[in-house]
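Hi,

Here is the structure I promised to pass on to you.

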Amino acid sequence: MTRRDLETDVVIVGAGPTGSAAAWRLAAVGVRVIVVDKGKPFDPASLDRTNADWELRRASVLSSNPNIRKAPDDDPVDDAESDIKPMFAYGTGGTSTHWSAHVPRFRPEDFRVKTLDGVASDWPISYDDLEPYYSLAEARWGTAFVAGDPSAAPRQGRPQKLPTIGAHGRRFARAFDALGWHWWPVDLVVGRDADNSETQHCTHIGPCDLGCPSRVRSSAEPAFLDAARADGTRVLTGTRAISIETGADGLVRALVCRDDAGTFRIRAKHVALAGNASATARLLLLSQTGRSPNGLANSSGLVGRGLMLHPYAKMDALFDEPIGAWVSGEKAGLVSFEFLQTKQERGFVRGVKLQLVAGPPPVALAEGAVVGRRLPWGASHHAAFEARFDRICGFTVCAEDLPEDANRIVLSDSRVDRDGLPAAKWIYRVAPNARRALDFGLARAQDVLREAGGHTFFRTDLRDQAGFHIMGTARMGGDPSHSVVDAFGRCHDVANLWVLDASVFVTASVANPTLTAQALALRAADHMLARRH
């Protein structure tokens with residue numbers, strides 16, 4: 001060991017929602033934990049939201065795409081062969097510093113796709129296995145929801161108060177009711193007081209998609225990581241995990257890291273990967289040994305394979321009057337799971353989710369977002385702006401793509417990171433089944449928009465800047481020849497190596513994956529604790 005080498009019980013790679021949740025769970029009972037993340041601590045003040053160039057910076061240095069953002073802590077991603085581009089962040093809180101704070105649960109049927117629809121595989125666990133961990137994570141976040149959603153399982157726990165769905169939400173709720181289709185307010189992180197007695201209300205001082213300035217629903221750092229620190233967790237930021245060392249017995253011996261001062265090792269009884277399904281697959285593939293020439297934990301050949309990215313499309317419409325989506329104040333979103341389950345007459349398996357979204361913000365609108373042409377400059381600009389702003393609204397359409405071995409993460413042969421190591425390469429094409437699902441969903445979104453009074457429609461067949469739900473590159477299962485980890489996230493090949501993020505997903509649902517990934521991480525942490533005794 002060098003003078004800089006460290007030793008701990010558990011080292012976690014990634015300070016995002018899953019790594020932070022697992023650290024919180026482990027440290028609370030006295031486990032020594034070190035969390036490493038290549039990013040730096042997140043500072044909301046650095047966003048300068050009050051500056052007039054906010055939207056321009058949101059599309060450049062504040063982009064969710066690391067290839068566009070190009071921050072000092074970012075690694076490149078080779079996405080030349082991917083229909084969908086990467087969208088994630090590094091640092092404390094991870095991509096939850098960029099999110100919209102929607103935390104739905106998967107539905108019970110999402111874990112039984114093979115049984116119900118004859119495709120993909122069933123998960124080795126059920127919804128009931130995760131239910132207590134869903135409730136635990138929701139309580140810790142401070143989650144608001146409306147009980148009784150007929151598309152979901154019954155749930156326990158006392159929700160926080162949900163903000164209004166707003167005038168535009170009520171307009172579309174009436175449209176869904178007229179069509180006889182399901183709709184429901186989103187499950188939303190709104191924060192909580194220390195004693196969980198009431199909601200910390202939004203202060204309405206800026207958009208919530210990047211770094212909530214009031215720190216209410218900003219990221220996993222205040223919700224989980226701060227408490228883990230208070231219980232002794234050490235968080236090393238600006239620290240890159242570059243490989244995983246194993247001993248002669250095949251067990252993990254140390255995580256090899258590098259920071260601005262050089263290379264060092266963290267020796268640990270357990271190593272847990274919680275970066276994301278891209279970073280986790282890359283680190284396993286980089287950790288080649290004589291015993292594991294194709295990458296660590298990869299005797300199945302499945303590390304990196306089965307990449308799922310939730311392909312998105314979008315349908316917008318123009319309305320004759322302002323619809324209220326840009327009225328000041330905190331608002332909850334609206335989602336429809338009417339088309340969640342397979343209906344053979346539709347020509348595809350599984351389903352789609354429709355989610356209401358506001359129209360483009362001012363600068364994007366002026367530049368031609370949605371309508372495809374810039375607003376005129378000069379004397380007529382303000383009139384043209386008034387005729388469009390808050391009069392455009394739409395739905396995103398998310399399709400459940402199925403795991404396919406051809407969609408995968410590999411090591412790039414053309415791009416490297418700052419350490420000279422191969423970057424992650426995304427190879428992903430939207431499959432014909434998902435394409436048919438998106439087309440069906442676009443047609444249904446247009447039906448709702450028309451029912452609500454929309455009359456001019458704008459179709460986006462695929463949003464390429466949408467790679468924020470990264471799943472499935474180290475799938476779980478009972479058979480080591482057909483999976484990478486077991487039902488608790490422990491690698492089949494390496495008994496003290498764990499995967500805590502959405503890499504372990506067997507199928508993708510259409511629901512945002514964060515809460516399910518956290519429930520899995522908390523369950524894995526409990527199993528890790530049980531194995532100590």
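Predicted model: local features only at pLDDT ≥ 70, side-chain atom pairs only at ≥ 80, totals over all residues.

**Aromatic rings**

There are 19 aromatic pairs in the structure. One of them is F111 with W123, an edge-to-face pair with the ring centres 4.9 Å apart and 70° between the planes. F111 sits in the loop between β3 (77-82) and α4 (113-117), while W123 is in the loop between α4 and α5 (127-141), so this pair links parts 12 residues apart in sequence. Both of these residues, F111 and W123, are buried.

The other pair I'd point you to is F339 with F440. Their planes stand at 80° with 5.4 Å between the ring centres, and planes over 60 degrees apart count as edge-to-face, so that is what this pair is. Here the link spans 101 residues in sequence, because F339 belongs to the loop between β12 (334-336) and β13 (352-358) and F440 to helix α11 (residues 432-451). F339 and F440 are both buried as well.

F440 also has a charged neighbour: R444 lies over the face of its ring, 4.9 Å from the ring centre. You'll find another arrangement of this kind at F145, where the charged end of R155 sits over the ring at 3.7 Å from the centre.

There is an aromatic cluster to look at too, formed by W24, W99, W141 and F224.

**The sheet and its helices**

What is the strand order in the open sheet of 6 strands? Reading across, it goes β5-β12-β13-β14-β11-β17, and the pairing is antiparallel. The edges are β5 (184-185) and β17 (456-460), each of which pairs on one side only.

Within that sheet, β12 and β13 are joined by 2 bridges in the antiparallel sense.

Helix α6 (residues 166-179) lies across β12, β13 and β14 (392-399), and runs at about 20° to β12. Helix α11 lies across β11 (312-318), β13, β14 and β17, at about 150° to β14.

Cheers

Notes: Residues numbered from 1 in each chain as written. Heavy atoms only, no water. Phe/Tyr/Trp six-rings, centres within 6.5 Å; stacked < 30°, edge-to-face > 60°. Helix = DSSP H or I, 4+ residues; strand = E, 2+ residues; numbered from the N terminus. Buried < 20%, exposed > 50% of the residue type's maximum accessible area, 1.4 Å probe, protein only. Lys NZ or Arg CZ within 6 Å of the ring centre and 35° of its normal. Pairing = 2+ DSSP bridges. Contact = heavy atoms within 4.5 Å. Axes fitted to C-alpha atoms, helices over the stretch in contact; angles between N-to-C directions.
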